[in-house]
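The paragraphs below go through the model one part at a time. Please keep the sequence and the structure open while reading.

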Amino acid sequence: MITIYAVPISLYCAKLRILLRHKGLQWSELSPPGGYGSGEYKKIIPSGNLPAMVDGELTLADSEVIAEYLNEKHPHPQMLPAEIDQRARARERSRFHDTRVEPELRKLFPFIDGKKPDADLIEHQSMQISIRLKQLSKFSLNPDTAFNDRLTLGDCGLPITFVWIDALTPLLQLKIDWPDSIFTYRQEIETYPAVAAEIESYRPILNQWLKSLDR
Ligand SMILES: N[C@@H](CCC(=O)N[C@@H](CS)C(=O)NCC(=O)O)C(=O)O
């Protein structure tokens with residue numbers, strides 16, 4: 001069986017669980033011994049980050065690398081389109097999430113646990129996230145190239161980042177502009193059972209965690 005090193009609150013672990021659920025794979029989850037980044041965990045996963053996967057002799061870190069591996073090893077249901085340009089689009093969407101959208105959200109993490117954020121910083125980060133959503137709506141969600149009735153590798157990270165934006169909006173008084181096409185895209189991907197199930201399990205964990213922080 002596949003083993004995943006994960007912690008419940010990790011956004012990228014939730015991203016990976018969407019793929020595992022969609023493919024109907026069995027997996028077991030372990031907490032990284034000593035916590036992620038610990039010396040003990042680095043003996044297993046040298047980079048010390050999450051998620052990581054052990055499948056037989058193979059140990060891998062990085063949600064994207066694990067997703068590509070599992071999609072090749074378990075090709076049904078296939079999560080990359082057959083056409084080369086659409087395949088590239090799905091990968092583009094996934095990388096855009098990991099390298100452009102989520103990192104703007106992550107810049108707010110130091111302010112979640114009570115360090116009072118500067119109003120200018122909140123305004124600035126609200127703008128940066130809104131810009132990324134607008135860019136995503138323009139180049140990655142063209143109806144000809146995205147979502148052709150199939151959940152792809154490019155659609156696993158965004159739903160969880162959207163849940164985070166929802167949760168942080170009232171907490172930090174964010175002002176996010178959601179383009180209509182992103183709103184529609186979000187509704188569409190949330191109809192997939194794997195996405196809906198992960199959100200149903202993840203959202204209460206996130207809300208509970210945010211409540212538990214001493215603010
Ligand atoms: N690009 C990475 C990002 C993963 C990531 O940021 N993981 C966080 C936990 S959600 C982490 O391990 N942070 C500690 C570190 O990177 O050392 C992926 O897709 O797996």
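Pro51 sits in the loop that runs between helix H2 (39-44) and S3, where helices (H or I, at least four residues) and strands (E, at least two) are DSSP runs numbered from the N terminus. The bond joining Leu50 and Pro51 is a cis peptide, with omega about -5 degrees. The model is a predicted one, in which local features need pLDDT of at least 70, side-chain atom pairs count only at pLDDT 80 or more, and totals for chains, interfaces and linings use all residues. Residue numbers start from 1 along each chain as its sequence is written.

A cis bond is also found from His76 to Pro77, with omega near -10 degrees. Pro77 belongs to the loop between H3 and H4. For background, most residues other than glycine have a negative phi, and most peptide bonds are trans.

Asp62, in the loop between strand S4 (58-61) and H3, has a positive phi near 95 degrees and is not a glycine. Gln173, in the loop between H6 and H7, likewise has a positive phi, of about 55 degrees, without being a glycine. Is Gln173 buried or exposed? Gln173 is exposed because 12 other C-beta atoms lie within 10 Å, whereas Asp62 counts as partly exposed because it has 18 C-beta neighbours inside 10 Å. The cut-offs, with C-beta atoms placed from the backbone, are 20 or more other C-beta atoms within 10 Å for buried, 12 or fewer for exposed, and anything in between for partly exposed.

The ligand comes next. Its shell holds 13 residues, and the closest are Ser10, Tyr12, Asn49, Leu50 and Ser63; a residue is near the ligand if its C-beta atom, placed from the backbone, lies within 6 Å of it. H1 and H3 are the elements that give two or more residues to this shell. By class, the shell has five nonpolar, five polar and three charged residues. Here Ala, Val, Leu, Ile, Met, Phe, Trp, Tyr, Cys and Pro count as nonpolar, Asp, Glu, Lys and Arg as charged, and the others, Gly among them, as polar.

The protein is divided into domain 1 (2-73) and domain 2 (84-212), with bounds that come from an automatic or database domain assignment. Their centres, taken over C-alpha atoms, are 21 Å apart. Domain 1 puts 14 residues into the contact and domain 2 puts in 20 residues; a contact is a pair of residues whose C-beta atoms, placed from the backbone, lie within 7 Å. On the domain 1 side, H1 gives the largest share, eight residues. This side has seven nonpolar, two polar and five charged residues.

The largest nonpolar core has 41 residues, and Leu16, Leu19, Leu50 and Ala67 have the most contacts inside it. Such a core is a set of buried Ala, Val, Leu, Ile, Met, Phe, Trp, Tyr and Cys residues joined through C-beta atoms within 7 Å. At least three of its residues come from each of domain 1 and domain 2. Apart from neighbours within four places in sequence, Leu19 is in contact with Ala67, Leu70, Met79 and Cys156.

Notes. Contact = placed C-beta atoms within 7 Å.
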